[in-house]
Structures are given as C-alpha cells and as structure tokens.
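I opened a new notebook page for this structure.

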Amino acid sequence: MLTNNRSEDVGFGEALQVPSLLGLSARAPFMHDGCAKTLRDRFDPACGGDRHGDVSALAPAQLDELVAYLESL
C-alpha cells in the first residue's frame, strides 16, 4: 500500500495517519492544511519544510523526477 500505517506528529501536537502513496496525484490539495496545490508545491520549503523529508539537496531536475514518480503511482 506504500504506507507505513503509522500515525505521526509532524510538529503540530496532533498525530496524523500516514496515507498511502497510491493514487496520490488525484488527492490535491496536499498536506494536512492544503498548502500544496500541486505535488511540486509540496517540496517548497514554505509548505512543510523538512518535517516530511529533507529534499533541500535535490536539484530541480531531481525534484521533477521525484514528482513524476509520485504521479505515476
């Protein structure tokens, strides 16, 4: 199911269920507060930052590849 089936506190004092990555691209907006209108927006530091995985070292082309992969699931 491409999830760890856990609930995680991402810094807001509330545990949220980790969703499956399957069909992710059809569930916009993203993040618990809807700050990401697109999957690419999710990797903007203003939308979640490194609380959900540090991608700051990825080049723009690598982020494009990551987004394409996530959209393919």
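**Entry 1: terms and ground rules.** I call a residue buried under 20% relative accessible area, exposed over 50% and partly exposed in between, using a 1.4 Å probe and protein chains only. The model is predicted, so I note that local features need pLDDT of at least 70, side-chain atom pairs count only at pLDDT 80 or more, and totals for chains, interfaces and linings use all residues. Residues are numbered from 1 along each chain as its sequence is written, and side-chain values use heavy atoms, with hydrogens and water left out.

**Entry 2: the cysteines.** I looked for disulfides, meaning pairs of cysteine sulfur atoms within 2.5 Å. The count by this rule is one disulfide. Cys35 and Cys47 form it, with sulfur atoms 1.8 Å apart. The pair joins distant parts of the chain, twelve residues apart. Cys35 sits in the loop between S2 and H1, and Cys47 in the loop between H1 and H2. I took helices (H or I, at least four residues) and strands (E, at least two) as DSSP runs, numbered from the N terminus. The torsion about the S-S bond is about 75 degrees, so the disulfide is right-handed.

Which of the two cysteines is buried, and which is partly exposed? Cys47 is buried, at 3% relative accessible area. Cys35 is partly exposed, at 32%.

Entry 3: I then checked contacts, meaning heavy atoms within 4.5 Å. Leu63 touches Arg40, Phe43, Val55 and Leu58, if I skip residues up to four places away in sequence.

**Entry 4: Leu22.** I found Leu22 in the loop between strand S2 (15-17) and helix H1 (39-42). Leu22 is partly exposed, with a relative accessible area of 40%. What does Leu22 contact, leaving aside neighbours within four places in sequence? Leu22 is in contact with Met1, Leu2, Arg27 and Leu73. I also noted a distance: the C-alpha atoms of Leu22 and Glu71 are separated by 9.0 Å, though the two residues are 49 residues apart along the chain.
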